[in-house]
Amino acid sequence: TTYDNVFYDDVLTKLRSIITTDRACTVYIAPSYQDYGSFSIRLWGFSAETDELYPDTWRKVYNVQISLYAIGEDGDERFYEQLYSDSERLYQLLFNNSNISTGDNAWKDGQVGEVIFDDFIEDEEAVDNLHVARFSFSCRITR
């Protein structure tokens, strides 16, 4: 039998490609924040579960945390306007790519569950003027 690294190759790297095609920025795959300047996006796959079993295939739900990071002065309304604009743009981009039909392991039913702002985790609170929009994203792949 053959092995496919579906979570990394067909979910995380496809997400990175979709995002960087829309906007030239640093998109990295890591479990925690890394300093890449004033704007970056972090992807982290945090769970996968078998959704459906068929006689010779299965379908899994892949769950990804997407964190959009921006550094800006607290209290600057123009900065907040840009932060919300960037998060809406990312949401629309994910919505527009809810079904990916290219490649061996195309995904379906890609959707954002929720978007949470400035709910810091781990080392994020220690970074001066860091703001985050955190998205929960899931998609299904049949193999």
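These legends accompany several views of a predicted model of one protein chain.

**Figure 1. Overall fold of the protein chain.** The chain is built from two helices and five strands. In sequence order these elements run α-β-β-β-α-β-β. The radius of gyration is 16 Å, close to the 15 Å given by the globule rule for 143 residues, so the chain is as compact as a globular protein of that length. Along the principal axes, the C-alpha trace spans about 55 × 30 × 25 Å. Among contacts between residues at least 6 apart in sequence, 61% join residues at least 24 apart.

**Figure 2. Surface and charge of the protein chain.** The accessible surface comes to about 8300 Å², and carbon and sulfur atoms account for 45% of that area. Of the 143 residues, 38% count as buried. The chain carries 12 positive and 26 negative side chains. The centres of these two sets lie 8 Å apart.

Figure 3. Asp10 and Lys14 form a salt bridge in which the closest N and O atoms are 3.9 Å apart. Both residues belong to helix α1, which covers residues 6-22. Because Asp10 and Lys14 are four residues apart in this helix, about one helical turn separates them. Asp10 has a relative accessible area of 14% and is buried. Lys14 is likewise buried, at 16%.

**Figure 4. Glu124 and its two arginine partners.** The side chain of Glu124 takes part in a salt bridge with Arg42, at 4.0 Å from N to O. Arg42 lies in strand β2 (residues 39-53) and Glu124 in the loop between β4 (107-117) and β5 (130-142), so this pair ties together parts that are 82 residues apart in sequence. Arg42 and Glu124 are both buried. Glu124 also meets Arg134 in a salt bridge, with an N to O distance of 2.6 Å. This second pair links the loop between β4 and β5, where Glu124 sits, to strand β5, which holds Arg134; the two residues are ten apart. Arg134 is buried, as is Glu124.

**Figure 5. A salt-bridge network of four residues.** Asp51, Glu52, Arg59 and Arg140 are joined into one network. The salt bridges that make up this network share partners.

**Figure 6. Asp109, a residue with positive phi in strand β4.** The phi angle of Asp109 is near 55°, a positive value in a residue other than glycine. Asp109 is located in strand β4. With a relative accessible area of 39%, Asp109 is partly exposed.

**Figure 7. Asp118, a residue with positive phi in the loop between β4 and β5.** Asp118 has phi near 50°, again a positive value in a residue other than glycine. The residue lies in the loop between β4 and β5, the loop that also contains Glu124. Asp118 has a relative accessible area of 32% and is partly exposed, whereas Glu124 is buried.

Terms used
Residues are numbered from 1 along each chain as its sequence is written. This is a predicted model: local features need pLDDT of at least 70, side-chain atom pairs count only at pLDDT 80 or more; totals for chains, interfaces and linings use all residues. Side-chain values use heavy atoms; hydrogens and water are left out. The radius of gyration is taken over C-alpha atoms; the globule rule is 2.2 Å times the number of residues to the power 0.38. Buried means under 20% relative accessible area, exposed over 50%, partly exposed in between (1.4 Å probe, protein chains only). Contact means heavy atoms within 4.5 Å. Accessible areas come from the Shrake-Rupley method with a 1.4 Å probe; for residues, only the protein chains shown count as cover. Lys and Arg count as positive and Asp and Glu as negative; His and the chain ends are not counted. The place of a charge is taken as NZ of Lys, CZ of Arg, CG of Asp or CD of Glu.
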